[in-house]
Amino acid sequence: MANVIVIGAQWGDEGKGKITDLLSKSADVVVRYQGGVNAGHTVVVDGQTFKLHLIPSGILYPDTECIIGSGTVIDPGVLINELDQLEALGISTKNLLISETAHVTMPYHRLIDRASEERRGNHKIGTTGRGIGPTYSDKSERIGIRMVDLMHPDVLKKQLNWTIKYKNVILEKLYNLEPLDPAPVIEQYQEYAERLRPHVVDCSLKIYNAIEQKRNILFEGAQGTLLDLDHGTYPYVTSSNPVAGGACVGTGIGPTMIDRVIGVAKAYTTRVGEGPFPTELHGDMGQLLCDRGAEFGTTTGRQRRCGWFDAVIGRYAVRINGMDCLAITKLDVLDTLAEIQVCVAYEIDGERCENFPSNARRFARCQPIYKTLPGWQKSTEDCRTLEHLPKEALDYLKFLAELMKVPIALVSLGASRDQTIIVEDPIHGPKRALLDANGVPVSSGV
């Protein structure tokens with residue numbers, strides 16, 4: 001039995017959906033612990049593409065129980081649409097469970113999100129406009145609507161009548177928008193409630209029981225480490241905690257119940273939205289990575305900013321999350337390059353910096369210090385073992401493992417499930433010592 005957390009080691013979009021889907025084959029339960037419909041996971045199975053926003057990737061396995069935890073925020077309309085799409089494709093959603101304490105995104109959250117971002121002007125953050133931040137704000141302000149409230153029509157009506165009156169003041173006076181009529185909102189969300197009612201349960205208890213039964217549990221987050229509200233590149237972050245510690249808070253279990261943490265990182269780096277990005281590439285090379293990697297957001301369709309692999313943020317992600325192994329994705333995107341650069345450190349105001357600076361102003365001044373490695377200029381898409389990789393590709397992976405000081409357990413070479421090299425199964429494989437006496441990763445991975 002193993003309880004494993006899968007987290008993004010960069011700014012999100014690392015390919016967690018594919019890795020979670022791959023590991024879900026060995027999992028009995030898959031739990032989403034934070035974020036909302038601002039996230040998107042793309043999974044390709046037998047040539048068919050599934051785009052998931054709230055539902056855990058494990059839903060594609062018929063016997064896997066999938067849970068949306070209390071740390072998430074749920075837009076019921078989007079969730080129901082996602083359920084309908086999966087059912088239309090022949091995917092059963094009967095095993096989906098939703099935490100009764102998860103908070104609900106309302107129409108006024110979306111309106112405020114978009115209006116607030118527009119009002120920021122040059123100081124915009126780059127939100128998706130899906131109402132995620134305002135939903136979490138209401139949660140902190142203790143005026144939020146939870147899934148359990150949707151299950152009780154009288155409670156929902158009473159709460160929304162007061163809350164919408166309160167929000168209308170903000171909509172009208174601050175943003176010059178039309179006020180909302182509570183009646184149609186209440187009616188619509190009561191309809192949502194009836195559709196979702198069979199799925200709503202006490203998820204913390206469900207997860208605890210699964211742990212007692214020694215079932216394999218996979219915890220998946222949205223976004224990535226550098227978008228964490230507390231530990232990311234604030235203020236250009238999301239509104240929750242994608243880091244590994246967020247899995248405990250977002251599901252209602254203790255940290256002693258976690259066995260492993262696997263980080264997912266691209267073989268290069270991307271980010272969406274605003275904020276500093278030291279290794280960002282402009283011009284032809286950045287566009288090449290974007291085109292070969294199909295770097296467009298699953299949720300928004302926005303083009304991602306692309307750059308070289310940044311080992312400074314990688315080491316930071318290892319430290320913040322307690323990662324003990326890595327999955328490297330999209331190695332094949334680099335197949336055509338004669339040379340590849342890796343950021344090994346930063347220069348800040350003339351001084352070398354090996355560690356990620358928590359001061360946002362210092363981070364904005366970081367200049368990357370690169371090491372150049374030879375490319376392999378051969379296709380890796382059909383490689384299924386490390387031995388099949390070109391020597392330069394294997395050397396590149398070993399270099400990343402040495403910089404990050406954790407072994408690589410998985411290597412992804414394309415969007416499909418089978419385009420993967422499994423060095424070690426993070427769920428069933430033994431958890432071994434990570435480093436030898438010289439600080440070099442041992443043979444439990446690359």
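Me: Let's start in the sheet. Which residue stands opposite arginine 32 in E10?

Reply: That's glutamate 220. Keep in mind that this is a predicted model.

Me: And what makes strand E2 and strand E10 a pair?

Reply: Two strands count as paired if there are at least two bridges between them. E2 (residues 29-32) and E10 (residues 217-220) have four bridges, in the parallel sense, so they qualify.

Me: Where does that pair sit in the whole sheet, and what is the strand order?

Reply: It's an open sheet of 10 strands, ordered E9-E7-E5-E2-E10-E1-E11-E15-E19-E20, with mixed pairing.

Me: Why do you say that E9 and E20 stand at the edges?

Reply: Strand E9 (200-201) and strand E20 (420-422) each have a single partner strand, so one side of each is left without a neighbour in the sheet.

Me: Over to E16. What makes you say that this strand is largely enclosed?

Reply: Buried means under 20% relative accessible area. Seven of the 10 residues of E16 (residues 339-348) are buried, so the rest of the structure largely encloses this strand.

Me: Which strands does E16 pair with, and how do you know?

Reply: Let's count bridges. Strand E14 (residues 309-310) pairs with E16 over two bridges, in the parallel sense. Strand E18 (residues 367-374) has eight bridges to E16 and runs antiparallel to it. Strand E17 (residues 351-353) is joined to E16 by three bridges, also antiparallel.

Me: What lies between E16 and E17 in their hairpin?

Reply: Two residues. In that turn, aspartate 349 has a positive phi of about 50 degrees.

Me: Why is helix H11 called largely enclosed?

Reply: Nine of the 11 residues of H11 (residues 311-321) are buried, so the helix is largely enclosed by the rest of the structure. Among the buried ones are Val312, Arg315, Tyr316 and Asn321. What covers them includes strand E1 (3-8), strand E11 (260-266), strand E12 (269-271), E14, E16 and H13.

Me: What makes aspartate 310 a cap for H11?

Reply: A side-chain oxygen of aspartate 310 lies 2.9 Å from the backbone nitrogen of valine 312, at the N-terminal end of the helix. After H11 comes glycine 322, with a positive phi near 65 degrees.

Me: How do you know that threonine 93 is buried?

Reply: Its relative accessibility is 5%, and buried means under 20%, so threonine 93 counts as buried. You'll find threonine 93 in the loop between helix H2 (76-88) and strand E7 (96-99).

Me: How about aspartate 13, how exposed is that?

Reply: Its relative accessible area is 26%, so aspartate 13 is partly exposed too. UniProt's unreviewed entry lists Asp13 and Gly40 for "binding site". Aspartate 13 is in the loop between E1 and helix H1 (16-24), and its contacts beyond four places in sequence are Lys266, Thr270, Val272 and Arg304.

Me: Last one: which residues have the most contacts inside the largest nonpolar core?

Reply: Of its 63 residues, those are Ile5, Phe219, Leu331, Leu334, Leu389 and Tyr396. Helix H13 (residues 391-404) gives the most to this core, with nine residues. Apart from that core lies another, of 45 residues, including Ile59 and Tyr136.

Note on methods
Residues are numbered from 1 along each chain as its sequence is written. This is a predicted model: local features need pLDDT of at least 70, side-chain atom pairs count only at pLDDT 80 or more; totals for chains, interfaces and linings use all residues. Side-chain values use heavy atoms; hydrogens and water are left out. A nonpolar core is a set of buried Ala, Val, Leu, Ile, Met, Phe, Trp, Tyr and Cys residues joined through side-chain atoms within 4.5 Å. Buried means under 20% relative accessible area, exposed over 50%, partly exposed in between (1.4 Å probe, protein chains only). Contact means heavy atoms within 4.5 Å. A polar contact is a pair of N or O atoms within 3.5 Å; within protein, one must be able to donate a hydrogen and the other to accept it, and residues adjacent in sequence count only if both atoms are side-chain atoms. UniProt positions are given in the numbering used here, feature names are shortened, and annotations may be inferred rather than shown by experiment.
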